[in-house]
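Please have the sequence and the structure at hand as you read.

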Amino acid sequence: MLTIDNLELSITDPDTGRVSEILRGNSLTLAAGEALGLVGESGSGKSMTLQCVLGIEPPGSSVGGRIELEGRDLRALRGEELRRTRAEDLALIAQNPHSVLNPVLPVGKYLMEGMSEARSMPKARARLRSSELLRSVGIEESERVLRSYPHQLSGGMLQRVVIAGAISAQPKLLLADEPTTALDVTTQAEVAAILDEKRREAEMSMIFVSHDLDLAAAVCDRLAVMRYGELVEIGTPEEIRDAPQHEYTRELMNARPKLHPEEA
Amino acid sequence: MRYVISRLWSLCLVFVVSSFVVFSGMYLVPGSPENFLVQGRTVSPEVLASIRVQYSLDDPFLTRYWNWLTSAVQGDFGRSLTTRQDVSNLLAARLPTTLFLTLYAGVLVVVFGIGLGVIAGTREGVFEKIVVFGSNLGFAVPTFFAALLLMAVFGGALGWFPVTGSGSGFGGRLFHLTLPAVALSLPSLAVVARITRTSVREESGSDHVLMAVARGVPRRLVLWRHTVRNSLLPVTTVIGTHLAALLASAFVIEYAFTLDGIGALLVDAVHRQDFAVVQAIALILVVAFGLINLAVDLLYAVIDPRIRLGKAA
């Protein structure tokens, strides 16, 4: 469904002219309905991979390689075609929901905008759908939340809103960029569970970026380990856990906090 | 609502304190009022005493302040010490010109300042450089010099606009006050354009704008609803302070274009040490500053729900 072929990304600093290589020729494929966990330490290029898929990499970037979604070259899309693809086929769930929503517009506007202005759904239907979506991600007081402004809601609540917005299009591919990292521990599990459930229900594919190996293993079919912009290992969670091939993967496994150290 | 009440309350406090400063400030000037009234002539102590009684100069300071303030609130600023006219009548005759000039300049600042700033903030290239250069120029050139320049070019050489008088009727005023308003608006316009440009630039790099792009929101909406609208929050504050300052700079412009506004009146009154007129004008300025700032704060609350609704989650 998604094919990333030899993806390279380097960013030129506009002030110093220094070029830093962020991604060094990574390739991976994703089957329909599959969830792939992208794990690795900060700065290993996980989020940048997602940004390249969406075409929202930072200014000064130069991207090489191909990214194909069902045979269409995403990097070659322009203008209206690119906009519609972003609106209909892809959905990003970012780390901090408080910076995702426009702080001066009510939450309802965020959802409405995604459906009616980005995807031409009639306003009245988008309105109804907004409350439905919120209830489906476990928000009971959907009307109150729709009228609220982002700063009035907790991070966990807001991330549910973002997930609701992301699944509203029934996109082909969900791009989740550390969706639970900015939340407190109790809501982390809830939000991860909702995301997992919704994805399976609608049989969407997902790339799940995380530095938390255990979380990624729990919600993903396969894991890909990244380091310094390179994909060092890819396999099922069991393979990665039981027989890590790469030295770095072993380090990563051992770096996890353990509840019972003697079991390791 | 509680926000509005608390803002009104603090505004009243500002008015009381500053009116006290305005009133007492006049007594810090060397010389006493009755000496100015007799204008250097030698008069008998009896005459001086009668003047002091007539103007209640022997009352305790706080009593005089209280009487002045209460009648000022009712629109009575007393009489001019030199022309014996009611100060309120003097002001009423002069105020429209100043207000018109200030509002005219204010509209120019808002429309062209924001307009140019948005254009410069959203596209790169020659136009942006022109706006940046122009705003440096506009800010650096003193108002009175801009006034002279405009008079020479558009009034003198091209002869498009009149350079004196304030005209009559709405159209006449608009026509007569165009050059003064342009001269008056230039420095503020330059600042507003520049801040708008920076603010738009900053906002267009913010996460929520990037996310709107990633969600496939149409470009036009990303620009106006998410970028420009949000970037106007800091601009609002700047515009507020500049609008209030326009009123003060209007005095210089009125002088340069020989307009019959409050500014010219103030300059004359200061020359003749006409206490009552100076106090009244100073008080009006204070009130105008206060009201404009109040309006800006309330407007800010309308635009930004975080102010209106408090920070509580």
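Which residues lie nearest the centre of the largest cavity? They are A:L90, A:A91, A:G165, A:A166 and B:R215, which belong to a lining of 15 residues.

## About the model

This is a predicted model, in which local features need pLDDT of at least 70 and side-chain atom pairs count only at pLDDT 80 or more, whereas totals for chains, interfaces and linings use all residues. Residues are numbered from 1 along each chain as its sequence is written, chains are lettered from A and ligands numbered from 1 in the order in which they are written, and side-chain values use heavy atoms, with hydrogens and water left out.

## Cavities

Rolling a probe the size of a water molecule over the atoms shows where empty space is left. Here a cavity is a set of points, on a 1 Å grid over the protein atoms alone, where a 1.4 Å probe fits but cannot get out, and a lining residue has an atom within 4 Å of a point. Grid points are joined across faces, edges and corners, and a volume is the space filled by probe spheres set on the points. By this rule there are three cavities of 30 Å³ or more, and the largest cavity has a volume of about 140 Å³. Two or more residues of its lining come from each of helix 2 (79–88), strand 6 (90–93), helix 3 (107–119) and helix 6 (155–167) of chain A, and also from helix 10 (207–214) of chain B. Helices (H or I, at least four residues) and strands (E, at least two) are DSSP runs, numbered from the N terminus.

The second largest cavity holds about 80 Å³ of space, and of the 13 residues that line this cavity, A:N102, A:Y110, A:E113, B:R215 and B:H226 are the closest to its centre. Helix 3 of chain A and helix 10 of chain B are the elements that each give two or more residues to this lining.

## The largest pocket

A pocket, unlike a cavity, is an open set of points with protein on both sides within 12 Å along at least five of seven lines. The largest pocket has a volume of about 1,200 Å³, and of the 30 residues in its lining, B:S204, B:V209, B:V213, B:R219 and B:V222 lie nearest its centre. Helix 2 of chain A gives two or more residues to the lining, as do helix 5 (87–122), helix 9 (178–204), helix 10 and helix 11 of chain B.

## Chain B

Chain B has 14 helices and zero strands, and its C-alpha trace spans about 85 × 60 × 35 Å along its principal axes.

Side chains of opposite charge can pair when their charged atoms come close. In one of them A:R222 pairs with A:E34, and the closest N and O atoms are 2.6 Å apart. A:R222 lies in strand 9 (residues 222–227) of chain A and A:E34 in the loop between strand 2 (19–30) and strand 3 (35–39) of chain A, so the pair ties together parts that are 188 residues apart in sequence.

Methods. Salt bridge = Lys/Arg side-chain N within 4 Å of Asp/Glu carboxyl O.
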